[in-house]
Amino acid sequence: MIGPLLQLQCVTIRFGGLTAVSEVDFQIGGRELVGLIGPNGAGKTTVFNLVTGVYQPTSGAILFAGQPTANLKSNQLARLGIARTFQNIRLFASMSVFDNVRVAVQLHSPHGIRDALWRGRGFREGERAVETQVMELLEIFNLGRFRAANAKSLPYGDQRRLEIVRALATRPKLLLLDEPAAGMNTTEKVALTQLIRFIKDKFQIAVLLVEHDMQVVMGICERIAVLDYGIKIAEGSPAKVRADPRVIEAYLGDELKIQN
Amino acid sequence: MDNAAKRFLFAAVALAVIVSLCSSYFNRYYLGVAIDVGINVILAVSLNLINGHTGQFSLGHAGFMAVGGYTTAKFALLLQGQLPPWAQPLIFVAGLLLGGSMAAVAGLAVGVPTLRLKGDYLAIVTLGFGEIIRVIFQTTEAFGAATGLTGIPHWTNFAWTWSCAALTVFVVACLVNSTYGRGFIAVHDDEVAAGAMGINPVRYKITAFVIGAFFAGVAGGLYAHHKQFLSPGGFDFLKSIDIVVMVILGGMGRTVGVIIAAVLLTILPEALRGFAGYRMILYSLLIIILMLTRPQGLFTFGRAAQRKV
Ligand SMILES: Nc1ncnc2c1ncn2[C@@H]1O[C@H](COP(=O)(O)OP(=O)(O)OP(=O)(O)O)[C@@H](O)[C@H]1O
Ligand SMILES: [Mg+2]
């Protein structure tokens, strides 16, 4: 594939009088790990919702692998290869850890409603293949031992990791992580940083990371874009962004945090 | 496990046929109640797919039942005289399939426009839909209008009813207990997350409505040939609520619980005929108490949080 994997062209979205994202141009290449930062309410999650088809832009265009995504539904975008986690964890609450991942694996499993009703050999083989895939993924992330537990009964950090596993189970080309370190302690954050790097290398995918924790963002991102009031105010290497006066101003109170 | 499902189906059908063959030894009244129970099991288990598993709170199940009942009955009344007696079972099966299919079409007709609605709104619209269907039958001369359809042949027996019930349980349980079927529950739990994982919520909701309505239609057909008489009043929204209560009491989304609830809620009013007038009050009280004390349902066992089928 030539050209960027994901491309935002002058994307704007308004909610009534509020312009949550304003004329944002942005792109991300096939194997890049890019950070998207900005103060609270800057529009980061809204960008994710635009990219995953939860919202349609008021104006502008989003292209994935060169294809315009206008009017595509979330599930169609997932099929094309966009997966995400949620800022406020959205695991399937009534299901086990195993089933949470199983739902996502289903996207690329060939058997469907007919096999489920017929219960023939195709069904058994298909279900076995699904189980193998789910367990492989869970084992990679050390969640195999929780397979039968209810997803919401896991410790907070594990729930965040389970959301990442679930997203990876859709075999994405682009993974969107919305504040994966939120609520984690320092040790967990270090582990998460390694995990994100590992994911990028192992699955050979692009990652777009929204994160408030500057240590995490600055530590792993090759490039960082900064949003403030829906406007992209800076973009570049971590060093460049950190030194940008507009970024410092936007963060004002958080200034020290950035400098560190 | 998969063969176990099929074995259950064959065993249940065989048992139903055997019991039916011995039916002359049983009390006719109890046999009639057993058929009522079977019909309600079909209704509750099929509604459970829509309300319980997929989380689409529908109050229109009596409407689907009416579509199936009238279609099956009318079909039989039209063909009965034309064909030799040996063709009766064929007419009956064809009628049930036709009734189920017409109800499924009705399910599609409700499912599609109500896709965007949730919770109370969906409940109100489906309730209105059920009432519209009832009023259509009530005013259509070909379906007997307000007097209803009479002289429907008595073809429903224990074997037919419980075979259909077993088939309903098989279909719903097999659907939900599969990788494909977890999609219904995913839509129930979190539609946005389900979409992000590649689940098409629209597809799943419509599928639930169509399959649920199909079996409600079959139940309607069985009901028609059991009571031999159909009146539009029998399919009012109180009937829908009866079925919803079974699903809620059984613990939305738990097949075994819903079956137990359907059995109990059919037998209890029979046993307490004298109190028939208080049924709705009793139901309301039951639901309120239940919601306060056991929101996971009366007949759910094992870990409460974990979904079992
Ligand atoms: N559906 C919506 N309707 C109305 N306003 C919205 C909607 N979604 C987001 N907004 C508004 O858009 C702005 C950006 O919100 P967004 O959630 O994208 O911020 P964010 O950068 O993710 O912030 P945080 O760091 O707190 O998560 C906020 O002012 C928010 O209130
Ligand atoms: Mg956010």
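Q: What should I know about the model and its numbering before I start?
A: It is predicted, so local features need pLDDT of at least 70 and side-chain atom pairs count only at pLDDT 80 or more, while totals for chains, interfaces and linings use all residues. Residues are numbered from 1 along each chain as its sequence is written, chains are lettered from A and ligands numbered from 1 in the order in which they are written, and side-chain values use heavy atoms, with hydrogens and water left out.

Q: Which strands make up the open sheet of 4 strands, and in what order?
A: Strands are DSSP runs of E with at least two residues, helices are runs of H or I with at least four, and both are numbered from the N terminus. Two strands pair if DSSP finds at least two bridges between them. In chain A the order is β2-β1-β4-β5, with antiparallel pairing. β2(A) and β5(A) (67–68) are the edge strands; each has a single partner, so one side of each lacks a neighbour in the sheet.

Q: How many bridges join β1(A) and β4(A)?
A: There are 5 bridges, in the antiparallel sense. One pair to look for is Q9(A), whose bridge partner in β4(A) is A61(A). Next along, β4(A) (residues 59–64) pairs with β5(A) over 2 bridges, also antiparallel, and F64(A) stands opposite Q67(A). These two strands form a hairpin with 2 residues between them, where A65(A) has a positive phi of about 50°.

Q: Where do the side chains of a strand point?
A: In a regular strand they alternate between the two faces of the sheet.

Q: Which strands show me the parallel and antiparallel senses here?
A: For parallel, take β3(A) (residues 33–37) and β8(A) (residues 206–210), joined by 4 bridges; L33(A) has V207(A) as its bridge partner. For antiparallel, take β9(A) (residues 223–228) and β10(A) (residues 231–236), joined by 5 bridges. There, L227(A) is partnered by K232(A). The hairpin of β9(A) and β10(A) has 2 residues between the strands, and Y229(A) takes a positive phi near 45°.

Q: Which residues come nearest to ligand 1?
A: A residue is near a molecule if one of its heavy atoms lies within 4 Å of it. Of the 14 residues around ligand 1, G41(A), K44(A), T45(A), T46(A) and Q87(A) come nearest. The largest share of this shell, 3 residues, is given by α1(A).

Q: What polar contacts does ligand 1 make with T46(A), G43(A) and Y55(A)?
A: With a ligand, a polar contact is a pair of N or O atoms within 3.5 Å. A polar side-chain atom of T46(A) lies 2.5 Å from an oxygen atom of ligand 1, and a backbone N or O atom of G43(A) lies 2.9 Å from an oxygen atom of the ligand. A side-chain N or O atom of Y55(A) is 2.9 Å from a nitrogen atom of ligand 1.

Notes. Polar contact = N/O pair within 3.5 Å; in protein donor to acceptor, adjacent residues only side chain to side chain.
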